[in-house]
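Here are my notes on the model, point by point. Please keep the viewer open as you read.

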Amino acid sequence: MANHLSSLKRIRQNQVKRLRNRYVYKSTKTAIKKFLNNDDKNEKDYSKVISMIDKLVKKNIIHKNKSSRLKNRLSKNLLSK
């Protein structure tokens with residue numbers, strides 16, 4: 001365990017950020033699954049999911065290549081409705 005006050009604070013901050021990142025990532029994954037399993041896909045839902053993915057990339061939660069792979073998969077799924 002760390003002894004300095006600054007390192008203790010850093011540990012607390014990292015824990016809060018980790019939980020927040022996990023929540024955002026998990027809710028995005030849920031939105032993606034919901035979009036893929038939905039029979040009547042529309043542009044509004046698609047743009048909402050794409051926006052969530054872009055926010056994950058902006059916060060460095062996922063890699064940009066993963067985001068482009070996800071977006072490509074979603075767009076193919078939207079077109080094939």
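1. How many nonpolar, polar and charged residues are in the lining of the largest pocket? The lining has four nonpolar, one polar and three charged residues. Here Ala, Val, Leu, Ile, Met, Phe, Trp, Tyr, Cys and Pro count as nonpolar, Asp, Glu, Lys and Arg as charged, and the others, Gly among them, as polar.

2. A word on the basis. This is a predicted model, in which local features need pLDDT of at least 70, side-chain atom pairs count only at pLDDT 80 or more, and totals for chains, interfaces and linings use all residues. Residues are numbered from 1 along each chain as its sequence is written, and side-chain values use heavy atoms, with hydrogens and water left out.

3. The pocket itself. Its lining consists of Ala-31, Lys-34, Phe-35, Asn-38, Asp-45, Lys-48, Val-49 and Met-52. The elements that give two or more residues to this lining are α1 and α2. The largest share, four residues, comes from α2. Helices here are DSSP runs (H or I, at least four residues), numbered from the N terminus. The largest pocket has a volume of about 200 Å³. A pocket is an open set of points on a 1 Å grid over the protein atoms alone, where a 1.4 Å probe fits, with protein on both sides within 12 Å along at least five of seven lines; lining residues have an atom within 4 Å of a point. The volume is the space filled by probe spheres set on the points, which are joined across faces, edges and corners.

4. Asp-45, one of the lining residues. Asp-45 belongs to helix α2. It counts as partly exposed because its relative accessibility is 30%. The classes are buried under 20% relative accessible area, exposed over 50%, and partly exposed in between (1.4 Å probe, protein chains only). Beyond its neighbours within four places in sequence, Asp-45 is in contact with Phe-35 and Asn-38. Contact means heavy atoms within 4.5 Å. Asp-45 and Ala-31 are 14 residues apart along the chain, and their C-alpha atoms are separated by 8.9 Å.

5. Aromatics. The structure holds one aromatic pair. Phe-35 and Tyr-46 form this pair, which is tilted, with 6.1 Å centre to centre and 45° between the planes. The pair links distant parts of the chain: Phe-35 lies in helix α1 (residues 5-37) and Tyr-46 in helix α2, eleven residues apart. For the terms, rings of Phe, Tyr and Trp (its six-membered ring) pair if their centres lie within 6.5 Å; planes under 30 degrees apart are stacked, over 60 edge-to-face, and the rest tilted. Both Phe-35 and Tyr-46 are buried.

6. More on Tyr-46. Its relative accessible area is 17%, so Tyr-46 is buried. Leaving aside neighbours within four places in sequence, Tyr-46 is in contact with Phe-35, Lys-71, Leu-74, Ser-75 and Leu-78. Tyr-46 and Asn-72 are 26 residues apart in sequence and 11 Å apart in space, C-alpha to C-alpha.

7. Where is Leu-56, and is it buried or exposed? Leu-56 is in helix α2. Leu-56 counts as buried because its relative accessibility is 1%. With neighbours within four places in sequence set aside, Leu-56 is in contact with Val-24, Tyr-25, Thr-28, Ile-61 and Ile-62. The C-alpha atoms of Leu-56 and Thr-28 are separated by 8.5 Å, across 28 residues of chain.

8. Ser-67 sits in helix α3. Its relative accessibility is 5%, so Ser-67 counts as buried. Setting aside neighbours within four places in sequence, Ser-67 is in contact with Ile-53, Val-57 and Ile-62.

9. Please look at Asn-60 as well, in the loop between α2 (43-58) and α3 (64-79). Its phi is near 60°, a positive value in a residue other than glycine. Asn-60 counts as exposed because its relative accessibility is 67%.
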